[in-house]
Amino acid sequence: MMSTKAFTLVSAVERELLMGDKERVNIECVECCGKNLYVGTNDCSIYHFLLEEQSLPAGTATFTATKQLHRYLGLRKPVSELRAASALHRLLVLCDYSITLIHMLSLEPVPSGARIKGAMALALNENPVSGDPFCVEVCIISVKRRTIQVFMVYEDRVQIVREVSTPEQPLAVAVDGHFLCLALTTQYIILNYSTGAAQDLFPYCSEEKRPIVKRIGRQEFLLAGPGGLGMFATVAGISQRAPVHWSENVIGAAVCFPYVLALDDAFITVHSMLDQQQKQTLPFREGHILQDFEGRVIVATSKGVYILVPLPLEKQIQDLLASHRVEEALVLAKGARRNIPKEKFQGMYRRILQQAGFIHFAQLQFLEAKELFRSGQLDVRELISLCPFLLPTSSSFARSHPPLHEYADLNQLTQGDQEKVAKCKRFLMSYLDEVRSTEVVRSYKEDVDTALLKLYAEVGHASLLDLLVSANACLLADSAAWLEKHKRYFALGLLYHHNNQDAAAVQREEYHTRLALLYLDAVLQRTPGASGSGAEVMETQAKLRRLLQKSDLYRVHFLMERVRGADLPMERAILHGKLEEHEQALRTLALELGDFPAAEDYCAWRSMGREPAYRRRLFHTLLALYLGPGPSPPASASASAPFSTELAVAAVDLLNRHAAEFDVAQVLQLLPGTWSVQLLCPFLTGAMRDSTHARRTAQVALGLATSENLIYKHDQMKVKRSSFRLSDKQLCQVCHRPFCEPVFVRYPTGDLVHTHCASSRHTNPSAPRPGPRT
């Protein structure tokens, strides 16, 4: 059991204030209603105190009790029970098997003398069925054997409404609506006094232990069960909560949500209703009363009265978090929902989730931390700020106050363990990548994307380039400086390009060359047979090839000199391609390396985005290299020329896979006459299909052109067949002067203009435009 400080025991009424030097006076019962505290004693007296509460900064409180009245009832019998009916301003007093009504303030009996006789115990119905606000419903255990009576109590009178027989003698009772929860001699039962229906709960032995029956909420009761269990039961006879384990010698029980308190002869124990665990133990001897009154828990000995002051739930939760008891804190926080206004609870609960997330994060429990951060809607800048310099200098972020954790940065959190620092950063990269596109980070996306770029750049993560080529909000100034610091020059060029500063990226040429040299030196300096270095060298070589292929900013001739003579044929082929020396590149790939797929990929790479003729020229060059050494040898030559056979197979595969890339007439002139048609069936089929498609497309185009020509001829004939009259009274529609000779230009609109005016219209855009010219 891990302890939790949930309650503080505070004295409310000292012995001297209650009874002075009367040694034989003992407390028998207590009742509390608001600030009014009533104490019943064994000498038939009632004391009325006024309680004043003063809160302390630590979350506890002190109480000052002021005696108001003392009334002796004159029966020389103990006051067994006190119950306040605040709606009636009455106090119900059970003494000598009789219930008397007295005024709550004056402690005077009601003038009518109304009382209930023959009562052994009583319980008020806190869920009344009558609906009358000017009466209270009281259930009593009658002195008649095996009988329960229900009364309506008014200001000055009482009225019996029901008498119910029970299977055994009842010893304790609690009531909710029409339902009675009864402790009988050998068992607990639920009894509906309206219908008479009874439901057995579980057995217990009244001779061995004192029964406890307590209403704890609407249609739910708490009972002292066998084996030291506090059992919960509903009016339907079922339990919706797991039992709590308390002492076998429990004297009394109370509920102050979310806790159940139990009193025995030496201790007060506090148990959670949420996880059923014992949370606190307070030493308390000679106690015999434990009751809760509207959220206030009172415990008493025969000589004094004390109050169990609950610490604020938020402080309890913070204490649990400070002890890294995350699960208990979250359970308690969820249970606090019913006691805290909704808006306040939501804000408090989100903060608790965030704090719990940082506890898991510090323990490197990243999956648990991520779920809590998500549920708590964490501002991820709280995480980013643990890594110095990740947030951009322009960021306005300030950490939450009070803080969500106790760490200045990752070094303090991990106590300088760099392996743990690396794990934390890997988690941060993953988490930022997940949340950067969500709505919750929209208002500070620049901070998130810039921090993510810096993390990627710091470790050389492959996603750095993906981030920069996609939509992002990385801040240029911070990101550029960081990329240059970590020598991520290609990424720097992409950053400038994304910010429409291609000129700056193009000026970053020396960096492309320097980066390529760094990769090249790392590859050239590899030590054959060195353990663990093979994978790293291969990764570096892959980066070099990717840079040589994708970048156009490095100095090709300079790098070619460094590569020439080294055992780097693939890199040499890429550089030949950059220099448009395609035959040398393809010769290296196809003939020197024998890597035919790489040769085909080269053709596709270098022709990407180029015109079809350029692409066709590359594929023809490759085919010519395959066929250059001559046709494959006959079968009788066995393996005399295996390399030529491989080239012939490669040529056939190239033609069959890329039929559309070749000029069929040129190919047929190059092919050896010994090759069969079946061998080149896919190529020839594709070529025929393309030729047929091209011929038919040309025929369609010719037909369409012919049709269009006929339409134009028809329009021309229509124009020529029409007539019009030209006289010296008609005016040119451009210069508005008459025609002096029968030379003119006529527009389809019918407008007539001088020939020189028509020509000036085409040279002078500002001239009037009567319409298109025929």
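Is K279 buried or exposed? Select it and see: K279 comes out as buried, at 5% relative accessibility (buried is under 20% relative accessible area, exposed is over 50%, partly exposed is in between, using a 1.4 Å probe and protein chains only).

Before going on, keep in mind that this is a predicted model, where local features need pLDDT of at least 70 and side-chain atom pairs count only at pLDDT 80 or more, while totals for chains, interfaces and linings use all residues. Residues are numbered from 1 along each chain as its sequence is written, and side-chain values use heavy atoms, with hydrogens and water left out.

**Stop one: around K279**

E328 lies in helix α3 (residues 326-335) and K279 in strand β25 (residues 278-283), so the pair ties together parts that are 49 residues apart in sequence (helices, H or I with at least four residues, and strands, E with at least two, are DSSP runs numbered from the N terminus). E328 is buried too, with a relative accessible area of 18%. Bring in D275 and R325 as well: D275, K279, R325 and E328 are linked in a network of salt bridges.

The whole structure holds 34 salt bridges. Jump to R572 and E592, whose closest N and O atoms are 2.8 Å apart. This pair links distant parts of the chain, with R572 in helix α17 (residues 569-578) and E592 in helix α18 (residues 582-592), 20 residues apart. R572 is buried, at 14% relative accessibility.

Then pick E561 and R564, a salt bridge with its closest N and O atoms 3.9 Å apart. Here E561 is exposed at 55% relative accessibility, and R564 is partly exposed at 47%.

**Stop three: a sheet**

Color β6 to β9. They make an open sheet of 4 strands, ordered β6-β7-β8-β9, with antiparallel pairing (two strands pair if DSSP finds at least two bridges between them). β6 (79-85) and β9 (115-117) stand at the edges with a single partner strand each, so one side of each has no neighbour in the sheet. Zoom in on β7 (residues 90-95) and β8 (residues 98-103), which pair over 6 bridges. For a landmark, R90 stands opposite H103 in β8.

Technical notes:
Salt bridge = Lys/Arg side-chain N within 4 Å of Asp/Glu carboxyl O.
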